[in-house]
Amino acid sequence: MTETTVPPGVPAPAEFVHAARLALSRTPEGVDPWFHQYNGELLDDRRLRTWVRAKRQLFDLIGGVRDKVVVDAGSGFGMVSNLVGCWGARHVCAVEVHTPMAESHARVNAAWFPFLVGRVFGLRGDASHLPIRNASTDVVLSIEAISHYYDVDAFLAECARVLRPGGHVVISDGNNGANSRIRATTLELWRRFELGPEGPFGDHVIPEPMVSRRERVLRQSFPQLDAGRVAALARVTSGMDRAQIVAAVTSHLAGGPAPTQAYVPGTCPREPEWGYVLEQLFDGRDLAARLERLGFDARALPHFGGAVNDVVHAANLVLRRLPTHRWARAYRVVARRR
Ligand SMILES: C[S@@+](CC[C@H](N)C(=O)[O-])C[C@H]1O[C@@H](n2cnc3c(N)ncnc32)[C@H](O)[C@@H]1O
């Protein structure tokens, strides 16, 4: 690791920067290609600096992560979990529902983060049923992930279950439902996620639309159906996951009623294969209120950025104290278990 030079102003340990860059430039076989799109910014000095500073500012809200037991709920490819491990967390449990991402994290860590063995554990699991013992955890993180959970109430209840008294939940997300401009753009984004077309839309790239994914599920499960029937059934099974689609269509083919769940504009689409939703909107104040009811002292913070430089950070600290949720581009929720 001695040859690593950490770019100026990046508050990350050299071992993290070195290993993350190796993982991106000499990626182990079998890692999902999306790993590069998702974490490619870590190869660029300026964007790496912003990425790390954003995490540092977030964890500063709870006094850092050193020596803490952390659960990263919706950990994706696990780079935040690895950074938390490098910042001295005692254990990090990275929980990810999407198998290709969880497996990619394991492959990347085996190849380039061997020094985290025994400290960062990747698990395939669901934030709504955390594979974690009661009152065993100091911090639950949900970084750009809560907008993808299908059952957010169950996740919040899980936070109450797994955290020790005094432990923290930290939620950070860009889908600020209190901001009417973000809300309007997101409604159109949802429509495109569901029906297409694929390709760029704002900051997003629309992947294969959900209706096409349901067609694939139907083709795999009911190879006897012709293409027209598959397309028609895919249109009326919107919002269902694989198990629900198979159950609804099996019952229909046995003489029961046809499914009737056509896409309703303004609803958040659901990925049928893995069951997650796409860019659900929340008002951070509402999430904080729900956590209060579950036994937390919670606060919602409007977020305007702040990791780019100290001036923006200072401006963010001022704006955060004002009732600015409706203009903020993101929100954070920090809650302490009573
Ligand atoms: C936008 S990514 C964020 C990943 C990571 N937290 C980060 O900041 O790099 C959201 C992740 O949440 C995962 N996810 C969605 N629903 C989930 C659930 N119920 N349980 C666990 N992970 C979930 C998705 O598969 C995806 O990898």
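The model is predicted. The chain contains twelve helices and nine strands, and 52% of its 338 residues count as buried.

**Overall form**

- The radius of gyration of the protein chain is 21 Å, which agrees with the value near 20 Å that a compact globule of 338 residues would have.
- The C-alpha trace spans about 65 × 45 × 40 Å along its principal axes.
- Of the contacts between residues at least 6 apart in sequence, 70% join residues at least 24 apart.

**Nonpolar cores**

- In soluble globular proteins, nonpolar side chains tend to be buried together.
- The largest nonpolar core comprises 42 residues, and F16, F59, V84 and F113 have the most contacts inside it.
- Two or more residues of this core come from each of helix 1 (14–25), helix 3 (45–60), helix 4 (79–86), helix 5 (99–112) and strand 4 (137–143).
- Helix 1 provides the largest share of the core, with seven residues.
- Beyond its neighbours within four places in sequence, F59 is in contact with G64, V65, V80, V84, W87, L141 and I143.
- A second, separate core has 30 residues, including A127, A160, Y331 and V333.

Conventions. Residues are numbered from 1 along each chain as its sequence is written. This is a predicted model: local features need pLDDT of at least 70, side-chain atom pairs count only at pLDDT 80 or more; totals for chains, interfaces and linings use all residues. Side-chain values use heavy atoms; hydrogens and water are left out. Helices (H or I, at least four residues) and strands (E, at least two) are DSSP runs, numbered from the N terminus. The radius of gyration is taken over C-alpha atoms; the globule rule is 2.2 Å times the number of residues to the power 0.38. Buried means under 20% relative accessible area, exposed over 50%, partly exposed in between (1.4 Å probe, protein chains only). Contact means heavy atoms within 4.5 Å. A nonpolar core is a set of buried Ala, Val, Leu, Ile, Met, Phe, Trp, Tyr and Cys residues joined through side-chain atoms within 4.5 Å.
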